Amino acid sequence: MTAPGKGAWLVQQEVVLAMLAKEPSHGYELRARLREALGPLGDAMNDGQVYVTLARLEKAGLATSESSAGRRDRPDRKVYALTAEGQQRVSGWLAEVSWPRPDLAEFHLKLIAAAAAGLADPLAIVDAQRRELLRRLRDAQRAALAEPDRSAAGLLLEGIVLRLQADLRWLEACERNWTPRKDHR
Amino acid sequence: MNDVGASVLRARGLRKDYGKGEGLVRAVDEVDLDVASGETVAVMGPSGCGKSTLLHLLGGLDRPSGGELWLTDQRIDQLGERALARLRRDKIGFIFQAFHLMDELTAAENVELPALLAGRSARSARRRAAELLDRVGLADRAGHLPSQLSGGQRQRVAIARALVSDPQLVLADEPTGNLDSQATVEVLRMFEDLHSAGQTLLVVTHDSRIAATSDRLISMRDGAFVDETRLTGGSSGDLGSLAGLNGLTE
């Protein structure tokens with residue numbers, strides 16, 4: 001998600017925004033939350049990136065900052081909070097179903113942020129994504145089954161089917177993880 | 001697209017409890033369900049969510065703790081044991097994960113058996129079994145024992161058996177659960193075939209490929225329905241983007 005490709009910064013902005021939705025936070029707190037959520041994948045994240053993103057968010061009117069006690073020129077001393085507009089952007093991002101396929105890290109962070117901020121039920125987000133994937137799976141599978149054995153086109157379609165299945169299986173794992181545990185089950 | 005007609009299966013507030021007091025587990029929790037004639041419905045959910053219990057209730061294999069259940073116009077949750085057994089035999093076809101074929105009977109005999117039990121003549125049962133084995137692509141395996149058939153072939157025999165009494169409803173419980181991917185494709189083709197023939201079908205599964213053959217998909221968690229998706233008539237068509245074809249057309 002930090003690859004400098006098309007739209008990468010946008011994703012990053014929304015992830016950072018969503019993590020602010022829980023409560024006003026220092027930059028280093030956000031960084032720690034991202035690190036925790038991404039595990040070893042977060043190691044590659046440039047520490048300065050969170051601050052750059054926060055500055056951009058502030059400039060765009062999506063976040064505000066307030067200097068807390070201590071030296072005013074240190075970014076670490078600033079506490080960031082969402083503006084109303086920022087709040088709106090987060091809600092929109094949580095509700096949006098990404099397609100053609102969700103970026104794994106983006107989707108993962110979306111669930112974490114949704115749960116932390118209490119803005120959306122992670123299971124509802126999983127359900128929405130699953131609906132989308134299953135419709136595509138149905139289309140791809142029908143097309144694949146309509147092909148004769150050993151057709152070249154069938155092979156390509158089978159690849160699509162298998163990828164969709166893998167995505168759906170991961171959603172099952174997400175569902176298990178975010179389902180509230182019951183003692184008697 | 002199929003013509004979707006009157007309600008074949010209808011459940012209201014269907015419930016199944018196990019244990020009591022502190023240890024009470026509600027395996028099926030106030031389920032409402034309507035399956036229309038010609039419709040294929042899949043119920044999906046993690047293991048332990050109650051979907052198999054639900055299927056057993058819907059097929060009269062187990063008794064609900066509460067709620068009401070109708071098959072077409074007949075209320076069936078209060079039927080006596082014998083009437084219920086007759087109803088299962090005549091009006092419902094079952095397909096199970098482990099096939100449940102009789103090991104000592106041939107494929108054809110397995111398919112004929114329910115028709116004979118329902119009082120059909122031996123000749124008519126044999127003719128119907130032959131038709132169905134042909135339909136599932138196993139005409140040349142009619143004399144084989146289950147042990148001489150592959151997993152996918154056994155499940156196709158079981159599908160033929162489920163259809164032998166022209167049931168109003170077919171219920172399938174993890175029909176691909178014991179199959180490898182090639183055999184799964186065979187069963188998928190059969191389900192697509194049943195679907196286009198207008199067979200009313202309800203399948204519980206955690207295999208997304210089988211679920212994707214349905215018109216409507218219901219997600220189940222902790223004994224209750226939590227989400228419903230209509231797979232037909234939705235957005236679709238840009239499969240190319242999944243195969244990386246987007247950039248090639250710009």
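Biologist: How many Å separate the centres of domain 1 of chain A and domain 2 of chain A, taken over C-alpha atoms?

Modeller: This is a predicted model, in which local features need pLDDT of at least 70, side-chain atom pairs count only at pLDDT 80 or more, and totals for chains, interfaces and linings use all residues. Residues are numbered from 1 along each chain as its sequence is written, while chains are lettered from A and ligands numbered from 1 in the order in which they are written. The domain assignment of chain A (bounds come from an automatic or database domain assignment) gives domain 1 as 8-117 and domain 2 as 122-178. Taken over C-alpha atoms, the separation of the centres of domain 1 and domain 2 of chain A is 31 Å.

Biologist: How many nonpolar residues are in the contact of α5(A) with α6(A)?

Modeller: These two helices pack at an angle of about 150 degrees, with their axes 8 Å apart (axes are lines fitted to C-alpha atoms, for helices over the stretch in contact, and angles run from 0 to 180 degrees between N-to-C directions). A:Phe107, A:Lys110, A:Leu111, A:Ala114 and A:Ala115 of α5(A) meet A:Pro122, A:Ile125 and A:Gln129 of α6(A). By class (Ala, Val, Leu, Ile, Met, Phe, Trp, Tyr, Cys and Pro count as nonpolar, Asp, Glu, Lys and Arg as charged, and the others, Gly among them, as polar), the contact has one polar and one charged residue, and the nonpolar count is six.

Biologist: Is α6(A) roughly parallel or roughly antiparallel to α7(A)?

Modeller: Helix α6 (residues 122-146) and helix α7 (residues 152-178) of chain A pack at an angle of about 160 degrees, with their axes 9 Å apart. Because angles over 145 degrees count as roughly antiparallel, under 35 as roughly parallel, 65 to 115 as roughly perpendicular and the rest as oblique, the relation of α6(A) to α7(A) is roughly antiparallel.

Biologist: Which residue of β3(A) is the bridge partner of A:Ser25?

Modeller: In chain A, three strands form an open antiparallel sheet in the order β1-β3-β2 (two strands pair if DSSP finds at least two bridges between them). Its edge strands are β1 (25-26) and β2 (63-67), each of which pairs on one side only. Two bridges join β1(A) to the antiparallel strand β3 (residues 78-82) of chain A, and in β3(A) the bridge partner of A:Ser25 is A:Tyr80.

Biologist: Which residue of β5(B) stands opposite B:Trp70?

Modeller: Chain B has an open antiparallel sheet of four strands in the order β2-β1-β4-β5. Each of β2 (25-36) and β5 (74-75) of chain B stands at an edge with a single partner strand, so one side of each is left without a neighbour in the sheet. Strand β4 (residues 66-71) of chain B pairs with β5(B) in the antiparallel sense over two bridges, and opposite B:Trp70 in β5(B) stands B:Arg75.

Biologist: How many residues of chain A are in contact with chain B?

Modeller: On the side of chain B there are 25 residues, and on the side of chain A the number in contact with them is 25.

Terms used: Two residues are in contact if their C-beta atoms, placed from the backbone, lie within 7 Å.
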